[in-house]
Every structure is written in C-alpha cells, then in structure tokens.
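Here is a short walk through one protein model. Keep the coordinates open while you read.

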Amino acid sequence: MVGRVTSINRQVRLAARPSGLPKASDWELTSEPVPTAGHGQFVVAISHLSIDPAMRGWMNAGASYIAPVEIGAVMRAGAIGQVISSEHPGYAAGDFVYGAFGVQEYAASDGQDVIKLDTTLAEPTAYLGALGMTGLTAYFALLDVGQIREGDTVVVSGAAGAVGSVAGQIAKLKGCRVIGIAGGPDKCRTLVEDFGFDAAIDYKNENVRAALREHAPGRVDVYFDNVGGDILDAVLTRLARGARIIICGAVSQYNAERVRGPANYLSLLVARASMTGMVVFDYQDRYPSAMAELAQWVRDGRIVSREHIVHGNVGDFPAVLLMLFAGENTGKLILAIDRS
C-alpha cells in the first residue's frame, strides 16, 4: 500500500499565518532524511493524508481547543500508513496505523495517540472517513451532545462533506427524519439517493428558510452545524421547543477576517434550546467501542463510507486543501501520497 520506500522525506511546513484563504507563500516544501526508529519508536511510511476544514483554524495564532501549528513546523494532519521499521514492542513492520503524523512522507512515533488499524474490517482509507475521526465526530456529536431520539427532525449542514454525510446516516439509522443542506444539485441528489437522507436543500439555488418550512414543518429538533454564518441563522428561525444545536464547525467563517456570530441567537431563548460546542478529542477513551459500532454499521450496509481520494505527492497538499473551501469534494477528502 505504501508504494516505493525512498531515502528522502518530503514535508510541507507552515511558512506564514494565512490571511483569508491560504496561498502558496504560506507554505514551504522541505526535505530531510527519512527518520530512523529509536528505542521505543517505529517509523511509518505515510500513504494517505486526511484533509480537514479544521486545518485552517490550526494555522491561526491564539487560544483554541488545540495549540496552533508553529511557523516552520510540519503542518499537522491525521494520516494512515504502514510501519516500515520498529523498535517498539507494540508495533511491527507491516502494521497499518493512524496518527497525527503530519504532512510528510515518513514519520517516527513512540505510539502515543496512534491507533493500529484492523484492515479485515474495512479498507485502510475508511479509517480516515467513517471509521476515523470523521465518523467518531458524527457519532459522539449526535449521540452524546445532540442526544438524538427516534422521531426527531435532524438538519445537517455541510451534509455532503466528510462529517456531515456520516452524521446524516447515523441519525437516519436511529429513526430520525434527516434533512441535509449542501451546495449544488449533484450533491443534494447524492444525499438522498446514496446516503438515504429524507430531503436535501441546495443552499446555492434555494431559499434555505423557505425550504426548511417545507421540509421541516414541525420544526427542527437537532441541528448539526458544520458551516455557521447565514445557514446557522436560517436554522435558528425554525427551532422546536428544546432543540439541540451542535457546533461542530464553521467552514463559512474560517477564512473570514472577522468571525460573525449568529444574529438570531435569541431564538435559543424562545425555544428553550441549547447550542453546544463539540470536539472529538474529548471522547478519546471511548474511541474503540465507537469504532467497533461504526464498523458494524458499515459492514451491514447501514452506513456508506464515501472517500474522495486525490492522487498526488506531498507538495500537492496546499492545492488539495483549497478544494475543501471550494466545495469540490463529496465525502471524505484524502490525499494519496505518490513517492515516485
């Protein structure tokens, strides 16, 4: 799976903190020798990089749920790969693993926060999507934060993306009515035909508020928010009594000069509703059991794991990242590393 093993480790480092969308000058492509495994370490040949909207926030200075990537550091990224050498008792050459290995071709690790992958359950790339942080985010956000119940009306924004597509499917298998919001007729058709959503709203070509009145006449019990901005404001006008809003992301705001909060927040008071932020890292001790349940759903065909895989080299990372903000992916966006 890892392809040709080389002696040079190419890396992408953060050269400057972006203003707006990241540009070429914000990155530096570097190379150094492939690391060797010290005592208690192993070396991974990275095969696939996870491309996530949260990366844009990690580039900014200031307090957040995780420390920012430092200038000059290898860009943070979740990745999967195969162990090529090991001085660690828990890992052997040939093991498939997931970890925050960064945007590079090889990484040395002591095993902390690394997950060994069971490739008999699914293809390794599924562990960047439905069986990885993507699926885990959707799982804990809906079941723990949103506390979805059978019969709830659940609205998901960014619904054709990595997290949103899994979130809608989980809500559906739990007996909810699910409405997805996405951009363009092709994505909306995919939500209904491939992912099993009950309805889809094309925010690029429809009035979101009017469409919500049509598709959620009984109002919205749970809103899974991946985008913020105008769409969050629209959903706030359609809350049911006791509604739960999950703030998972705000992709519409990540490249803005100044983040804009919700204008219709007083709807929370009227509906006696709650709005709660969710970070998947808070549930780390429960990852194994959640991954097992997600894997069972995938095996049973109750969840479709959709990966949008772009083949290229490490130096293609900046361009692939911009695909997220242009809305070019359906499902999980992944960069497959070519070492040729």
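Six aromatic pairs turn up when the whole structure of this predicted model is searched. Take the rings of Tyr139 and Phe140. Their centres are 5.1 Å apart and their planes meet at 85 degrees. Planes over 60 degrees apart count as edge-to-face, so this pair is edge-to-face. Both Tyr139 and Phe140 are buried. Ring pairs also tie Tyr139 and Phe140 to Tyr283 and Trp297, and the four form a cluster.

Rings take part in contacts with charges too. The charged end of Arg76 sits over the ring of Trp58, at 5.3 Å from the ring centre. Lys116 places its charged end over the ring of Tyr91, and here the distance to the centre is 5.1 Å.

Now turn to the sheet. Six strands make up an open sheet with parallel pairing, in the order β10-β9-β8-β11-β12-β13. The edges belong to β10 (199-202) and β13 (274-277). Each has a single partner strand, so one side of each has no neighbour in the sheet. From one strand to the next, the twist averages 15 degrees.

Look at one pairing in detail. Strands β8 (residues 153-157) and β9 (residues 177-182) run parallel and are joined by five bridges. Ser157 stands opposite Ile181 in β9.

Helices pack against these strands. Helix α4 (residues 185-193) touches β9 and β10, and its direction makes about 165 degrees with that of β10. Helix α6 (residues 229-236) lies across β8, β9, β11 (220-225), β12 (239-247) and β13. Helix α6 runs at about 170 degrees to β11.

Definitions and conventions
Residues numbered from 1 in each chain as written. Predicted model: local features only at pLDDT ≥ 70, side-chain atom pairs only at ≥ 80, totals over all residues. Heavy atoms only, no water. Pairing = 2+ DSSP bridges. Helix = DSSP H or I, 4+ residues; strand = E, 2+ residues; numbered from the N terminus. Axes fitted to C-alpha atoms, helices over the stretch in contact; angles between N-to-C directions. Contact = heavy atoms within 4.5 Å. Phe/Tyr/Trp six-rings, centres within 6.5 Å; stacked < 30°, edge-to-face > 60°. Buried < 20%, exposed > 50% of the residue type's maximum accessible area, 1.4 Å probe, protein only. Lys NZ or Arg CZ within 6 Å of the ring centre and 35° of its normal.
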